[in-house]
Structure formats: C-alpha cells, structure tokens
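Have a look at the fold first, then read on.

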Amino acid sequence: MSDAGPEPRARKAELRRTQRERLRSVDAEAVRAESAAACRVLLESGLFDVGTPAGTVAGYLPLPVERGAEADAWTALDVLRGRSADVAIPHIDWASGKFGLRRVPGGSFWDDLERDRHGLRKAPVDWPMVRVEEVGAVIVPGLAFDGRGGRLGRGAGMYDRFLRDLPSTVPAVGLAIRAQIVDDVPMDGHDIRLTATAGPDGLLRAT
C-alpha cells in the first residue's frame, strides 16, 4: 500500500538530499563496473525477452558522472538492439515538462545525441516518435530503489506520469548501482511501483 500525506513527502525530500550526496562520492570506474553487472542481471531476468506484440524497449541515458552517479543502461540497450529489439530513449522538453520517446535508428548513434540544459544526452527530434502502446518494457532510472518496487525519482514526476499510462503487464525495471539501492523508499499515492530492480548483485522483485 502506498503512503500518503506530508510525512512521505518530507522523507522523500530528505532521501533525495542524502542520495545526491552519496552518489556524488561514487567514482566513475565503480559506476562502469556495477552498471555492466546490473545490465547482465537485467538481460538474464527474462523480463526483456524480444518478441512481445509491443516490442519497443524504452531505456534511458545517464546523467554525466559529475552530476551524480547513476547506473548506465547502454550495455543492456546495445545487447537488446543486437537481438533485434527496437530501442527508444527519452527526448524531454524541460520548458513544457513534456516527456517523449524516440526510436534509436540502426547503426552507431552516439555522435547524433544532443545535450539538454542539464547535460543529459537526449534523442534528436528527427528520430521517430514512439507511442505508449508500442512500449513492451521499460528500463527506469532513479536516485534510489528498494526491494519492494519503490523508486525515488528526481522530483519532476515525468517517469511516474509515463509509467501510469502503461498497461500493468508491461515490465518496468529499475537499473541500479549499489549506492542507489536503499532499505526503503517512501511512496506517495501518485508513485508507481516497479516490477523489479536489477542491481549488480541480483534482481530485486517487487513484493
């Protein structure tokens, strides 16, 4: 059951503060190694098998390490593309708060990526848009995750709104380095619990 009221909001604000401090202390090599291990866990989970009617995997690209470490999903996305999965990454309009997904074209694309005002890489506007009904699985970023599907975002609410529009049958899996996994994430009524979280030490399925 989700928490409600002012207490969870205060706890979330405090956890955001402590997590930002904690993640700034993680070095880049640890992020690379733990991200690769978490991606292997995700790929071996069976939650992202290709061949579902709605087959596009929605992923993300991490913030620059200097902005605070978070798991890098690119290894998993690259493998999924090699398995003939369609992969999409976000294109966020921060002025309007609009969250959109655009399909990654074939071939190398790193040089095509733009940077937004937060230093986050985003899909170019000329990449094809992906409709919600085309999404078959989601790799979700966050500041913190727990073992019950709890996720703490950065406060904009974009992913919660996006996840709310997806059918409950679509797996939404957090990707985490060790510093992103906590004992408990406070939840408000509008927060969406994840299917699971893939970390470097295994898969945490929501209970």
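Setting aside neighbours within four places in sequence, E34 is in contact (heavy atoms within 4.5 Å) with I177, R178 and P200. Keep in mind that this is a predicted model: local features need pLDDT of at least 70, side-chain atom pairs count only at pLDDT 80 or more, and totals for chains, interfaces and linings use all residues. Residues are numbered from 1 along each chain as its sequence is written, and side-chain values use heavy atoms, with hydrogens and water left out.

E34 sits in helix α2, residues 28–44; helices (H or I, at least four residues) and strands (E, at least two) are DSSP runs, numbered from the N terminus. With a relative accessible area of 14%, E34 is buried. Buried means under 20% relative accessible area, exposed over 50%, and partly exposed in between, using a 1.4 Å probe and protein chains only.

What about the rest of α2? Its 17 residues reach 24 Å from first C-alpha to last, close to the 24 Å expected at 1.5 Å a residue (the expected span is 1.5 Å times one less than the number of residues). Besides E34, the buried residues of α2 include V31, A38 and L42.

| Partner of α2 | Residues |
|---|---|
| α3 | 74–82 |
| β6 | 135–140 |
| β9 | 172–175 |
| β10 | 196–199 |
| β11 | 202–205 |

At the start of α2, a side-chain oxygen of D27 comes to within 3.0 Å of the backbone nitrogen of E29. Just after the helix, G46 takes a positive phi of about 85°.

Leaving aside neighbours within four places in sequence, V138 touches F48, F162 and V173, among others.

One loop residue deserves a look too. Where is S84? It lies in the loop between α3 and β2. S84 has a positive phi of about 75° although it is not a glycine. Most residues other than glycine have a negative phi. Is S84 buried or exposed? At 64% relative accessibility, S84 counts as exposed.

Note on methods
A polar contact is a pair of N or O atoms within 3.5 Å; within protein, one must be able to donate a hydrogen and the other to accept it, and residues adjacent in sequence count only if both atoms are side-chain atoms.
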